[in-house]
Amino acid sequence: MNIPTNLSRRDFIKVSSAAGAGLMLSFYLPSKGETLGPASDASPFAPNAWLKIDTDGIVTITVARSEMGQGVLTSMPMIVAEELEADWKNVRVEQAISHPTKYGSMSTGGSFSVRGSWQTLRNAGAAARELLIAAAAQIWSVETSACRAANGMVVHPSGKKLGYGELASKAATMHVPTSLRLKEPKDFKILGKRFKKLDSPSKVNGSAKFGIDIRVPGMLFASIERCPVFGGKVASFDASKAKALPGVRDVVQIDSGIAVIATSTWTAFQGRKALVVQWDEGQYASQNSEAIWKSFEDASKSKGSIDDYAGDAEGALTTAAKKVEAVYRAPLIAHAPMEPMNCVADVRSDRCEIWVPTQSPQQVQGEAARILGFPLDKVKVNVTLIGGAFGRRLQTDYSADAVRVSKAIGAPVSVVWTREDDMQHDWYRPCTYNVLKAGLDNEGWPAAWLHRVVGPGSRGLVVGGSTPPYAIPNFVVDSHIEDIGVQIGAWRSVGPSQNGFVVESFMDELAFAAKKDPFEYRRHLLARSPRLRRALEVAAEKANWGKPLPAGVGRGIAAVESFGSAVAEVFEASVEKGGKVKIHRVVVAVDCGPVVNPDTLEAQVGGGIVLSLSSILKDEITIAKGRVEQSNFDNYRILTIDEMPKVEVHIIPSTEPVGGIGEPGLPPVAPALCNAIFAATGKRIRRLPIKPADLQ
Amino acid sequence: MALITLTINGKRHTVEVSSDTPLLWVLRDTLGLTGTKYGCGAAQCGSCTVLLNGDAIRSCVTTIGDCQGKAVTTIEGLSADSTHALQKAWIEDDVPQCGYCQSGQIMAAAALLATHPHPTDQQIDEAMQGILCRCGTYPRIRRAIHKAATQKGGKS
C-alpha cells in the first residue's frame, strides 16, 4: 500500500537529529474524535509523539497514554516496530510527562489508544524505515530500490549491510519520501503475533513502581477522613488524640476532609481512628437505595427527553399484533481496582511535582494548577504504572488531595486511601431503571421498540449504547437524568455496560415471545449490520449453537458493538440447588479490525469477562443513610480463581477499521449469561446482580 | 516502640516500631520493600501475601511483634534475578496485566509449590482463591503454576 505524504512531509512527520546524534522523528497523533484534514499553510507543525533511533541502534518511542494492564506500553511500540522493520530486542518505550498541549489529549479511555494511533504510528515507522534506507543507499551509492530493511538493518543484495544505529545520524539529514509504502498485512512479522508485554518482567519481582510505591526524599504519608455522606462537610473536629500518637506529624483540614500526616501509612491510618469529627452531612443524609429506585420508577411514568428514534414507535406499538413489556434494573457498581487511590505531590513555593497513577494526567495538572494558582508549566505530572483503573482514575479527586496536603504542610506527601475510602468514595457506574416496551408484527418481528431510561450522572453515562442495533422500523429511546447525591462516573465499557444487558436481554424476550430461536431472530434483524452479524454467527458456530446440551444446562447469546469493535458471546450455564449459577462454557467472537497482539486481546477480553461477572454474580453498591454500605472485599466481593470460567476467544479475520479491545468484551457478558439462565430454567433475570434467591 | 529483630530475604534486620504495626507497613514504609502491596488491610484480598517461616501469610494483619526472630520472604527475595520457576513461568505466559496483585499471587503460589510440588487444579483453587485479581489473570496464573511445577531447577 502506498500512501502520499505530501502532507506528512511538512505537517505530520518532521525529521531532526536526536540530542547528540541519531535520528528523531516527530509526528502527530490525533485525539479522540479528531480527524486529520489537510493542514493549512499557516498552521504550525505541532508534533505530539516521538520516535528516536540512537547511534547504538536503540529505538525509543514516547507513549502519552497510561499503562493500566491493557498493554499500551507494548502495543504502541509494536505498531511502529512493524513498519520500521526494527529488531524488537532494541525497542524501548518511554512514558510521556504530562503536557497541556504537546501530546493532544493524553487521556486513556474509550478503548482509544491503539485505534487513535494505528495509522500514524505505522506512517512514522514507515517514514523512519525509508529514511534509513535512503541513508544507506547514499553511503553505498546505490539505488534505494535495491536496498531493503530487515531486523534493524538495511541490506543490499551485494551483501552490504548497515545497522540502524550506524545509519541514524545520516538518516536525520534525509528527506521523507513523497510517498510512503506501508507493509501488506501478509508480510507482518510483529503485528498480529503474540508478543510479551515489555513491563511484565518488572511485575514478577517487585520492581515495578506503581503510584503507591513512589518514595521521594523527605516524603511523609497522609490519610484523609472524609464525610461518609457525599457532599457533607466538616462541622468541627478534635485532633488532640491523633496528634499525640507517636509518628503523627500534623493534622490539617483540607477541602475533602481531615488529613492526618505521619511518618508511615499505618500511623496515618491510626491517627484517623483517633480523630473526633462532627460532620454536617448535608442534603443527602437520609438518601437510601429504596428511595432512589422509587424516585426512578416515579420519573419513568413521564416522558423523558428523546435520545434517539426512528419512525413512530408509539403509533406502531398501538397497532402491534403482540406486545411485550419489562422493567430492567442495573445496579450501582464500584471500580475497586486492586491499588487503592493514591498520589504523591511535592508542592514548593513556585512549582509542584506529582507522581500519580492516572488515566487523565492533563486533568491532574490542570486541577493542581488551579488549586495552587500556578501556571500549568509549573506543575509536572509523572504518570506511574497503574494498579487497575477501569475508569476510576479518570477522576482527579485523589490527586487534588495530595496537592492540598503537600501545600498545607510544605513537604512532599504520599496520600493513600484505605480500601474503605476507595469503596465508599468511588464514582460509581450509574444505576438505571429501564422500562421496555415492544410491539411484534404478525410474524413476530419487532415493529416497535420503546426504551425509557432513568439514571443519575450524565446522559452519556446513562444512555450510551441503548440504541438497538437491529432493523426495527420504529424505535425511541428517552431518558430522565436524576440527581441522587452519589458520585457517578465511567466504569469499563461505560453506557454499554448496563445497556448491553438491557437491550440484549429484552431482545431475547422478544425472540421467546415470537417463538423463534434467539440466535436466528437476531441474525435476521442484523441483515444490514454485517459486522455484528458475522460476530454473532461465529460465536454461535464455535459454541455449537443448536446442538443438544446436558439436562439443566442452557445456552444464551448476545452481541454488542461498542468502541469500534463487534463482540458476540455465548454462555452455557446451569443453576445449582440453592440458586448458585454455574458457568460451563464461554465462547467469544471478536471483530476489532486488525489485531496488534492476540495475546493481549485474549487477556483484555478475559479480563473484561471477570470484571463483568463480579458485578453480575456478586455484590452491588447500596446506599443507606446517605452512605455507601459496602466497605471492603468481604461485602463487595469479586470473582476468585476457582470461580473463573474457561473463556474461548475467537478472533475474526477482518479488514474493518481498527477498533478498541479494552472494553468491548464486557457488554455482552450479562445478557449472554442471563439468557443462558433463562434457557436453562425459564427464569428471566431483569435485575442485577443475580441473587441466589432469584433462582431458587 | 519496640526493637524487633527478624530475617527478611536472608538478611537480619532490627526495626524500631510499635510492635502492633502490621508487617506490611514495616516492609513498605520502614524498609522500602514496596513489592509487597496494600490492597485491603483486612486479609480480604491477598495482595500483601509474603512467606513467614515458609508459610503464606497476610502481612497486612500480621503484626511485626509476631515476626520477632522469624524469617520473612518477600517477592524481592524470592530469587536474586527473577529465576524462580514461578517467575520464569509468569514471564513465559505473560501473566500480569496491571500487575498489582501479582506479588501476592506469586508468593501464595510459592508456598503452594513448597508443599505440593505438583498441585492439582483443586489444590491450586484452595491455595489461590484468597488472592484476588481484578484484571482477570486467573487462567494464566493456573497455567503458570502448572508450568512452574513441571520445570526442573526451580528453587522453592
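**Group meeting talk: a two-chain predicted model**

Let's start with the core. The largest nonpolar core holds 268 residues. A nonpolar core here is a set of buried Ala, Val, Leu, Ile, Met, Phe, Trp, Tyr and Cys residues joined through C-beta atoms within 7 Å. Buried means that 20 or more other C-beta atoms lie within 10 Å of a residue's own; exposed means 12 or fewer, partly exposed is in between, and C-beta atoms are placed from the backbone. The residues with the most contacts inside this core are A:L132, A:A222, A:I354, A:A535, A:A539 and A:L673. Helix α3 of chain A, residues 113–140, gives the largest share of the core, 13 residues. Helices (H or I, at least four residues) and strands (E, at least two) are DSSP runs, numbered from the N terminus.

Two housekeeping points. This is a predicted model, where local features need pLDDT of at least 70, side-chain atom pairs count only at pLDDT 80 or more, and totals for chains, interfaces and linings use all residues. Residues are numbered from 1 along each chain as its sequence is written, while chains are lettered from A and ligands numbered from 1 in the order in which they are written.

Back to A:L132. What is A:L132 in contact with, leaving aside neighbours within four places in sequence? The list is A:A149, A:V154, A:Y164, A:L167 and A:A171. Contact means that the C-beta atoms of two residues, placed from the backbone, lie within 7 Å.

Now chain A as a whole. Chain A has 17 helices and 30 strands. Of its 696 residues, 56% count as buried. Its C-alpha atoms fill a box of roughly 80 × 75 × 50 Å along the principal axes. A compact globule with 696 residues would have a radius of gyration near 26 Å, and chain A agrees, at 28 Å. That radius is taken over C-alpha atoms, and the globule rule is 2.2 Å times the number of residues to the power 0.38. Take contacts in chain A between residues at least 6 apart in sequence: 78% join residues at least 24 apart.

One helix next: α10 of chain A, residues 397–409. At 1.5 Å a residue, its 13 residues should span 18 Å, and the end C-alpha atoms agree, at 19 Å apart. The expected span is 1.5 Å times one less than the number of residues. Buried residues in α10(A) include A:Y398, A:D401 and A:R404. Just after α10(A), A:G410 takes a positive phi of about 65°.

Now a single residue, A:E339. A:E339 sits in the loop between β17 (322–330) and β18 (342–347) of chain A. Is A:E339 buried or exposed? A:E339 is buried, because 30 other C-beta atoms lie within 10 Å. Not counting residues up to four places away in sequence, A:E339 touches several residues, among them A:F210, A:P357 and B:Y100. A:W417 is 78 residues from A:E339 in sequence, but 9.4 Å away in space, C-alpha to C-alpha.

Last, chain B. Its domain assignment gives domain 1 (2–76) and domain 2 (85–150). The contact takes 15 residues from domain 1 of chain B and 13 from domain 2 of chain B. Such bounds come from an automatic or database domain assignment.
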